[in-house]
Amino acid sequence: MWSFILAPGLALHRSFANLRRVGGPTTRIRFHRNPGLLLLGLLALGSGLEPFPSPLHAQGTLGDYQRAEQFLGWNARQLVAHDAVDPTWIDENRFWFRDRIPDGTRFVLVDPEQDDQRPAFDHDRLAAALSVAADTALEGRKLPFDEFRYVDGEQAVQVVLSEGRAWTCRLADYRCTGPEEWDEPSAGEVLSPDGRWIAFQRDWDVWVRSMETGEEFALTTDGEEFWGYATNDQCCAQVTAVREGMERPPVLRWSPDSRRLAFIRLDQREVEELHLLETSEGRPILHSYRYGLPGDSILPTYDIHIAEVEERRTVKVQVEPQVAVNTTCCGLMADTIWKDARWGKTGREFYFTRGQRDFGGLDLLAADPATGQAREVMREESPTWVQTSVLSGAEPNWRLVTEDREVLWFSERDGWGHLYRYDAASGELLNRVTSGPWVVARVLAVVEDLVYFTAMGREEGRDPYLEHLYRARLNGSGIELLTPEEGDHRVHMAPSGRYFVHTHSLADRPPVTELRRADGASVRTVAEADVDELLASGWPYPEPVTVRARDGVTPMRGLVFRPSNFDPAGRYPVINYIYPGPQVGTLGTRQFSVNPRGNAQALAELGFIVVQVDALGTPGRSKSFHAHYFGDMGDNGIPDQIAAMQQLATRYPEMDLSRVGIYGHSGGGFASTGAILRHPDFFHAAVSTAGNHDNRSYDYTWGEKYQGVLERDTIRGTDNFDSQANHLLAHRLQGALLLMHGTLDDNVHPNANLLLVDALIEHNKDFDLVVLPNRNHGFANEPYVIRRTWDHFVQHLLGVEPPGAYQIRRPS
């Protein structure tokens with residue numbers, strides 16, 4: 001006998017996928033091996049079942065799984081060429097990039113001054129030369145390195161074939177010598193602007209190495225564990241970094257003249273610990289790390305120190321230790337850059353921002369590098385939070401300009417993200433640089449009196465999330481659109497400021513990359529994506545859609561994904577992929593992508609319509625749009641997702657809202673579980689991976705920024721975080737819920753998931769749980785996790801049994 005739970009709106013079984021329940025309570029259906037008993041059981045259900053219009057194609061079959069696997073990002077991207085140009089600048093104007101071509105890659109050199117584009121070297125000859133020198137076998141189309149550098153006056157190239165071992169090949173005769181040490185800085189080292197010094201952390205102190213002599217010396221000597229200099233582990237992935245031997249970039253900044261070095265000293269001595277257990281033969285291995293949580297009385301703080309490198313003298317900046325908060329998510333670093341601090345062009349002063357625990361205020365300060373004396377330049381305040389960019393993880397949008405006499409500042413004070421110009425000495429506002437119902441996204445460069453920036457929402461009639469490049473005078477006059485093509489533009493400015501490279505595309509239009517002069521005049525087309533092979537495989541473009549939020553007024557943007565064998569006369573279950581923000585939205589990009597969030601196209605291939613919407617509470621729009629559910633993180637924009645799907649279902653009758661699923665990872669896992677608990681009449685199945693189900697168990701810089709500083713009511717025994725906690729809603733579960741977490745998740749601790757699991761057990765709820773031993777936070781794209789997600793929706797929304805233990809394979 002097989003036993004199944006049938007919730008309202010769920011199909012029964014592969015043989016009965018054309019039946020549905022149109023109302024009434026959850027029903028347990030027992031499938032007997034005797035077909036006669038099975039038929040009697042179905043007849044007993046009476047008129048509570050009515051037929052689903054079935055698509056022409058079967059759904060959830062082995063063939064669907066195989067086709068879905070073909071459309072996973074790592075496979076689909078092999079069918080696209082010339083789609084990505086990420087320039088590496090070799091001087092003020094010239095650059096090379098690694099071009100994806102059919103069955104391989106090539107390196108291309110571009111010279112804007114000469115309007116010239118050609119292979120960076122002869123790939124076949126270089127492969128042959130390296131094969132002889134290194135005693136290996138290489139192909140010109142599949143060279144085993146991602147980068148190279150010109151040496152000997154560009155008469156030779158140097159590449160790395162194995163860890164830290166470099167080969168140098170002359171371009172005149174393609175003879176290679178080596179191997180030798182690769183002297184490029186590692187991830188944990190920072191090269192000075194003049195190339196003379198490398199700064200790094202050793203044993204909690206800051207050290208410097210001379211590139212000329214190799215001499216190493218310490219700039220600090222009293223660093224200690226949990227109170228180290230330039231330490232970059234106040235937040236996430238601390239255990240992962242140790243286990244995987246990752247070098248983390250130190251939190252420091254060189255002065256423009258390379259004479260001085262500014263860095264932090266991070267104090268975690270009294271911060272409480274979290275613990276994880278690594279699965280191992282015999283005894284498990286305990287990992288402990290310092291991690292601040294909402295409500296903690298002691299959080300990580302840091303001081304700032306400035307060193308005179310050659311004099312080997314260090315001063316402490318004379319301000320009180322500040323809480324280690326950030327002005328753009330997440331952590332103190334943007335890639336390898338200490339985000340919230342910078343030197344001006346002259347190096348006369350060191351500028352940095354000082355945040356506060358509730359994120360409601362931000363000070364800009366300037367320090368004298370010789371004495372450590374600091375002064376306040378200006379202060380920004382907000383009733384919600386202050387941020388310095390609308391883009392998560394971006395470098396803050398403030399700069400020192402006009403020989404450090406002025407500050408270009410970013411603010412959302414008028415409800416939109418804009419630029420303002422201040423006097424750096426007095427803190428006096430000089431003028432607005434930009435204004436209007438749109439937002440500045442990225443400040444890319446300031447060249448003389450012109451600021452180059454991308455912005456979203458300025459071009460009427462277009463998707464408000466599309467980034468375009470503009471320039472404006474610092475006095476606020478003469479804003480110019482430099483990239484008028486409709487599309488989302490990714491822009492790279494040349495170091496000289498005289499040229500830029502931009503790639504533009506839409507979700508349903510492949511990328512084109514162009515080289516332009518600073519005034520927007522075209523120089524050449526660098527690359528045009530070739531998607532013929534992708535389209536020949538059956539890949540369908542997603543459909544961009546506009547819907548209204550829960551208020552029936554506010555426009556929202558999204559994408560709809562359909563299977564490649566879509567039958568417009570059929571009816572399909574609907575699955576909502578979600579990332580609720582607040583730091584990023586669901587879609588992630590407006591660019592063309594063969595790897596959409598949540599592997600949405602691959603999932604659609606199984607017989608679903610997948611919907612993605614950037615709802616209220618996500619960034620890139622007005623501040624009121626972004627802060628919509630400030631203090632109520634349990635909202636997660638779910639009412640907007642529901643409103644969107646209801647509107648879409650009226651346009652597209654193939655969408656069957658009696659079978660709705662939702663899934664997401666991390667914040668999306670929090671939201672997907674919250675959706676099925678808070679709206680059980682709408683969502684029937686959910687997959688939640690690595691969910692931060694109670695933000696009291698998550699990073700304080702997240703929870704207290706968006707929910708508010710934790711405040712306890714000691715009389716009632718409650719606090720202001722209760723409203724967002726999923727485990728307090730476990731009694732409301734009705735649909736099919738699959739939970740997953742990694743046991744070494746040092747970003748979202750497994751405790752958040754286990755709180756929910758415990759509450760579900762307490763309330764006698766059926767659910768599925770997958771525990772992934774020794775995985776950290778980034779397991780969402782593991783083949784097993786993808787397959788289990790697919791199986792869950794196929795079983796509970798299509799009502800069919802998935803192919804047994806289907807094996808998804810990822811290329812090595």
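Throughout these views, a residue is called buried under 20% relative accessible area, exposed over 50% and partly exposed in between, as computed with a 1.4 Å probe on protein chains only. The model is predicted, so local features need pLDDT of at least 70 and side-chain atom pairs count only at pLDDT 80 or more, whereas totals for chains, interfaces and linings use all residues. Residues are numbered from 1 along each chain as its sequence is written, and side-chain values use heavy atoms, with hydrogens and water left out.

**View 1. A disulfide joins C169 to C176, with an S to S distance of 2.1 Å.** A disulfide is assigned to a pair of cysteine sulfur atoms within 2.5 Å, and the structure holds two. The link of C169 and C176 is right-handed, with 110° about the S-S bond. C169 counts as buried because its relative accessibility is 0%. C176 is also buried, because its relative accessible area is 16%. Strand β12 (residues 176-181) contains P179, and the peptide bond that leads from G178 to P179 is cis, with omega near 0°. Strands (E, at least two residues) and helices (H or I, at least four) are DSSP runs numbered from the N terminus.

**View 2. C329 and C330 are joined by a disulfide, with S to S at 1.5 Å.** The peptide bond from C329 to C330 is cis, its omega being near 0°. Most peptide bonds are trans. C330 lies in the loop between β24 (322-323) and β25 (333-334). C329 counts as buried at 9% relative accessibility, whereas C330 counts as partly exposed at 41%.

**View 3. F71 and W539 form an edge-to-face aromatic pair, 5.4 Å centre to centre and with 80° between the planes.** Rings of Phe, Tyr and Trp (its six-membered ring) pair if their centres lie within 6.5 Å; planes under 30 degrees apart count as stacked, over 60 as edge-to-face and the rest as tilted. This pair links distant parts of the chain, 468 residues apart: F71 is in the loop between α2 (62-70) and α3 (73-76), and W539 is in the loop between α6 (532-536) and β43 (543-548). Both F71 and W539 are buried. A search of the whole structure finds 31 aromatic pairs. Ring pairs also link W96, F107, F121, F145, F148 and Y150 into a cluster.

**View 4. R202 lies over the face of W207, at 4.7 Å from the ring centre.** A charge sits over a ring if NZ of Lys or CZ of Arg is within 6 Å of the ring centre and within 35 degrees of the ring normal. R342 lies over the face of W398, at 5.2 Å from the ring centre.

**View 5. E704 is found in helix α11 (residues 700-706).** E704 is buried because its relative accessible area is 1%. The side chain of E704 reaches the backbone nitrogen of L710 at 3.4 Å. Residues up to four places away in sequence not being counted, E704 touches P294, G295, R357, D358, V709, L710 and F721, where contact means heavy atoms within 4.5 Å.

**View 6. S258, although not a glycine, has a positive phi of about 70°.** S258 lies in the loop between β18 (252-254) and β19 (260-267), and is buried with a relative accessible area of 4%.

Conventions: A polar contact is a pair of N or O atoms within 3.5 Å; within protein, one must be able to donate a hydrogen and the other to accept it, and residues adjacent in sequence count only if both atoms are side-chain atoms.
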